[in-house]
Amino acid sequence: MSGLNAKLAGQGRYFGTAVRHDQLAELPALRQAIVSNCGAITPEIELKWAALEWERGRFNFQPVDDLLAFADKNGLAVHGHTLLWGQSIPPWAQAHLEQHPGDWSIVATYMTTVLSRYRGRIHQWDLVNEAIDTSEQDNLRRNPFYKAFGPQYIERAMEEARAHAPDATFILNDYSLEYDNPVDNARRRAMLSLLEQHKRNGTAFEGLGMQAHLDLGKGHVNKRILRPFLEAVADLGMEIYISELDVQEADLSAPRDVRDQRVSDEVQRFLDIVLEVPNVKGVTTWGLSDNLSWLNSEEYKRLDVKGARSAENRGLPFDGCWFPRRTE
Ligand code: G3I
């Protein structure tokens with residue numbers, strides 16, 4: 001064991017990265033960086049419903065199995081991302097949910113198939129991804145699952161999941177929980193009350209996933225607001241996973257060493273806060289190198305109306321040339 005994982009492993013934690021099977025197959029430098037630095041991997045796309053069952057009943061497990069084979073060979077754990085996410089539903093299933101609201105059967109088949117296949121191999125799952133929307137009165141996003149089954153879809157998913165993987169850790173994974181601004185503050189409150197509600201109902205999650213897509217445009221993370229939130233989650237008896245860590249830069253025109261220092265300082269600030277909380281069990285970055293980051297994908301750049309993303313964002317542990325940043 002070495003690299004980024006070594007220090008965390010000494011604390012009973014792990015360091016991991018998201019990775020795609022195609023990149024893993026094509027890039028020896030990526031394979032080497034993962035083996036040297038990670039204790040776990042998260043399939044970036046391959047375990048999402050749309051990736052697994054694009055055609056009804058025809059599951060494409062090969063990409064996941066390729067990632068698992070690599071993980072097995074190198075002694076890595078695998079974090080399952082993600083069972084229910086409103087943005088990764090195959091079109092046929094989306095149409096079915098719209099046309100037959102209340103019919104849980106396709107969700108049941110999908111969850112049963114996936115959880116049974118990987119039972120005993122994948123021990124932690126993002127059960128529901130991105131459920132919070134504070135613009136709604138009950139703070140729950142009106143995704144296709146909510147529209148088809150109402151707010152109970154989360155509880156139902158938990159029951160379904162437990163039946164097939166009774167020993168697994170099930171996680172509620174979400175974003176924008178990190179900063180001190182009205183949006184993030186409201187999202188933390190909403191998340192906490194959702195977790196409390198599930199605890200009261202006997203459908204408690206074992207874990208909270210904090211995506212931690214840090215953003216220098218939002219200022220800096222601070223302990224005063226983050227620490228009490230993490231402690232409140234821990235007081236519910238839950239583990240916490242930093243699940244998609246990266247940093248979006250605010251000023252891509254600054255000199256490179258200045259930019260890298262800003263990124264590094266923000267990550268350090270964040271880790272100093274979260275790693276003080278014993279319930280934080282793992283830190284996963286959303287990719288290992290900038291050239292493979294979703295923040296530098298064409299799709300993401302297109303979403304940036306200001307056109308500020310024409311330069312490459314440098315928010316991951318390695319740059320496009322696999323040059324490592326400060327990692328202590
Ligand atoms: O590989 C195809 C390419 O052949 C095609 O030309 C291109 C056209 O758009 O699409 C490519 O596939 C894209 C794939 O990423 C690889 O780049 C998909 O369209 C695109 O939807 C997919 O996006 C992924 C996204 O989740 C949706 O699954 C991102 O890589 C992945 O980083 C992102 O991850 C999410 C987490 O799951 C949840 N939290 C936020 C995070 C970032 O958005």
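1. Starting with helix α11: Leu226, Phe229, Leu230 and Val233 are buried there (buried means 20 or more other C-beta atoms within 10 Å of the residue's own, exposed means 12 or fewer, partly exposed is in between, and C-beta atoms are placed from the backbone). Looking down the axis of α11, the buried residues fall within an arc of 95°, so they line one face of the helix (the arc is that of the directions from the helix axis to the C-beta atoms). The face turned away from that buried side carries the exposed Arg224, Pro228, Glu231 and Asp235.

2. Before going on, a word on the source: this is a predicted model, where local features need pLDDT of at least 70, side-chain atom pairs count only at pLDDT 80 or more, and totals for chains, interfaces and linings use all residues. Residue numbers run from 1 along each chain as its sequence is written.

3. Back to α11, which covers residues 223-235. Its 13 residues reach 17 Å from first C-alpha to last, close to the 18 Å expected at 1.5 Å a residue (the expected span is 1.5 Å times one less than the number of residues). The cover over its buried residues includes α10 (182-200), β6 (207-210), β8 (239-248) and α12 (256-274). After α11 comes Gly237, with a positive phi near 85°.

4. Helix α3 (residues 28-37) is worth a look too: its buried residues are Leu30, Ala33, Ile34 and Asn37. Down the axis of α3 they fall within an arc of 100°, so they line one face of the helix. Pro28 and Gln32 are the exposed residues on the face turned away from the buried side of α3. Packing against the buried residues of α3 are α1 (3-9), β1 (14-19), α2 (21-26) and β2 (40-43).

5. Now the ligand. Around it sit Glu44, Ile45, Lys48, Ser88, Asn129, Gln211, Glu244, Trp294, Ser297 and Glu299 (a residue is near a molecule if its C-beta atom, placed from the backbone, lies within 6 Å of it). By type, this shell divides into two nonpolar, four polar and four charged residues (Ala, Val, Leu, Ile, Met, Phe, Trp, Tyr, Cys and Pro count as nonpolar, Asp, Glu, Lys and Arg as charged, and the others, Gly among them, as polar).

6. A few backbone spots to check by eye. The peptide bond from His81 to Thr82 is cis, with omega near 0°, and Thr82 lies in strand β3 (residues 77-85). Asn139 is not a glycine, yet has a positive phi of about 65°; Asn139 sits in the loop between β4 (124-129) and α8 (144-149) and is partly exposed, with 18 other C-beta atoms within 10 Å. Ser176, also not a glycine, has a positive phi of about 50°. The place of Ser176 is the loop between β5 (169-174) and α10, and with 22 C-beta neighbours inside 10 Å it counts as buried.

7. Finally, the whole chain. There are 13 helices and nine strands (DSSP runs numbered from the N terminus: H or I of at least four residues for helices, E of at least two for strands). The radius of gyration is 19 Å, close to the 20 Å the globule rule gives for 328 residues, so the chain is as compact as a globular protein of that length (the radius is taken over C-alpha atoms, and the rule is 2.2 Å times the number of residues to the power 0.38). The C-alpha trace spans about 55 × 45 × 40 Å along its principal axes, and 40% of the 328 residues count as buried.

Note on methods. Two residues are in contact if their C-beta atoms, placed from the backbone, lie within 7 Å.
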